[in-house]
Amino acid sequence: MPWDRNRMAARAAEELEDGMYVNLGIGIPTLVANYVGDKDITLQSENGMLGMGPFPFEGEEDPDLINAGKQTITELARTSYFDSATSFGMIRGGKIAAAILGAMEVSEKGDLANWMIPGKLVKGMGGAMDLVAGVGKVIVVMDHTNKAGDSKVLKSCTLPLTGKAVVDRIITNMGVLDVVPGGLRIVQLADGITEDEIRAATEAAIVA
Amino acid sequence: MKKVYATADEALEGLLHDGMFIAAGGFGLCGIPELAIDALVRSGVKDLTVASNNAGVDDFGLGKLLATRQIRKMISSYVGENAEFMRQYLSGELELEFNPQGTLAERMRAGGSGIPGFYTKTGVGTLIAEGKEVKTFDGEDYILERGIVADLSIVKAWKADDTGNLVFRKTARNFNPPAAMCGKVCLAEVEEIVPRGSLDPDMIHLPGIYVHRIVEGAHEKRIEKVTTRQKETA
């Protein structure tokens, strides 16, 4: 059985270490917050907050308190607020230890595409380009293949890039891969996935 | 000099002209200058270029100025919540310049700080870098981005005193301080104008030097995505 969304999020949470300041993207990355356990992790929301808390109870939503996905959230005892320029100063300045992001495509060189499908999807990059350029470690969480069964782990991206040579680690429903010189290295196989299966689903070069 | 005006319409008097460049605060629908947007709709000013992280939704925020076709060009990082925006953009009626979110914030901050350009790693090797100067510092490539100076800034704060010192609330601060800084003139709208001396000087988020006109009023403060959790039953 390949990993489901929650199992992928739980695996991504294993990447986080005590004391880290971390930015989580929208989608599966948001679920990572459910699996940090006892680790002392501070979540950054790039619209101007460190120390993001869980969703509010019904009736306690505050229109002045949202995350970067525009969802209502809550604050914690450690929370601080700041403006967008300061927020991206800490992102660009390398103060955020890791970002966990979704992706449409990743290449064997660590190129990432997750913001635009020409002629179809033109929503914008939001803070993704700043995050991948600035944070300490970029971890991508995504399905290994698209709905048609084609690999999303490619020799080179076909879509416009979010960043060039920025991805460190890829966590998919089939396993974990690291971007290393010459291609990708298999770090871990998902439960029930064989090396042959992950190789067959990967267009990118896999180095031993 | 008196900064406080009775309405946003009065506060904008003498500041508007067709084709002008406006910087707006807010993130999504959070901390957006609702009163100024409504007044701009009523003014009929057109061919606007607007720098704002988002473009509102179809019937709220900057979406109102898109519906009336008063905006000619947007400079934004994310516009995914607005169907009318997408329609105008795909049909070529609306010009769009995508900026990475941090680059947009820094362009505003820099423009307001007398910095005409800065180098950033953000966007190197992407579409964003096309046509921009690349410079190598310590072996890494950076691209040159320009500071923004707007004809007018419209921002929303929680409280102001009559000298324009501003205090924001929670994540409604977002783009408001950098947007305020980059305007030749800044109109700040607030939920409450408090007496001079009642704000703690150590707790001012944006000093009044950046704020030229102030208006107080009720804000709808619409929530874009209400998300909640269940109370656990013991």
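How much space lies in the second largest pocket?

## The second largest pocket

In this predicted model, the second largest pocket holds about 270 Å³ of space. Its lining is made of 18 residues, and the closest to its centre are A:A133, A:K164, A:V166, B:K121 and B:E140.

Two elements, α4 (128-134) of chain A and β8 (140-146) of chain B, each supply at least two residues of this lining, and α4(A) gives the most, with 3 residues. Sorted by class, the lining of the second largest pocket has 8 nonpolar, 5 polar and 5 charged residues.

## Extent of the interface

Chain B places 50 residues in contact with 46 residues of chain A. Between them, chain B and chain A bury about 4,200 Å², and 61% of that area is on carbon and sulfur atoms. Of the area that chain B buries against chain A, 17% is supplied by B:K170, B:T171 and B:R229, more than by any other three residues.

## Polar and charged pairs

The count between chain B and chain A is 5 salt bridges. B:K170 takes part in a salt bridge with A:E75, in which the two side chains meet at 3.0 Å, N to O. Across the interface of chain B and chain A, 26 residue pairs are in polar contact, with both residues at pLDDT 80 or more.

## The side of chain B that touches chain A

On the side of chain B that touches chain A, α4 (83-90), α5 (101-112) and α6 (176-181) of chain B each supply at least two residues, and the largest share, 6 residues, comes from α5(B). By class, this side of chain B has 19 nonpolar, 18 polar and 13 charged residues.

Notes
Residues are numbered from 1 along each chain as its sequence is written. Chains are lettered from A and ligands numbered from 1 in the order in which they are written. This is a predicted model: local features need pLDDT of at least 70, side-chain atom pairs count only at pLDDT 80 or more; totals for chains, interfaces and linings use all residues. Side-chain values use heavy atoms; hydrogens and water are left out. Contact means heavy atoms within 4.5 Å. Buried area is the accessible area (1.4 Å probe) that two parts lose on being put together, summed over both. A salt bridge is a side-chain nitrogen of Lys or Arg within 4 Å of a carboxyl oxygen of Asp or Glu. A polar contact is a pair of N or O atoms within 3.5 Å; within protein, one must be able to donate a hydrogen and the other to accept it, and residues adjacent in sequence count only if both atoms are side-chain atoms. Helices (H or I, at least four residues) and strands (E, at least two) are DSSP runs, numbered from the N terminus. Ala, Val, Leu, Ile, Met, Phe, Trp, Tyr, Cys and Pro count as nonpolar, Asp, Glu, Lys and Arg as charged, and the others, Gly among them, as polar. On a 1 Å grid over the protein atoms alone, a cavity is a set of points where a 1.4 Å probe fits but cannot get out, and a pocket is an open set with protein on both sides within 12 Å along at least five of seven lines; lining residues have an atom within 4 Å of a point. Grid points are joined across faces, edges and corners, and a volume is the space filled by probe spheres set on the points.
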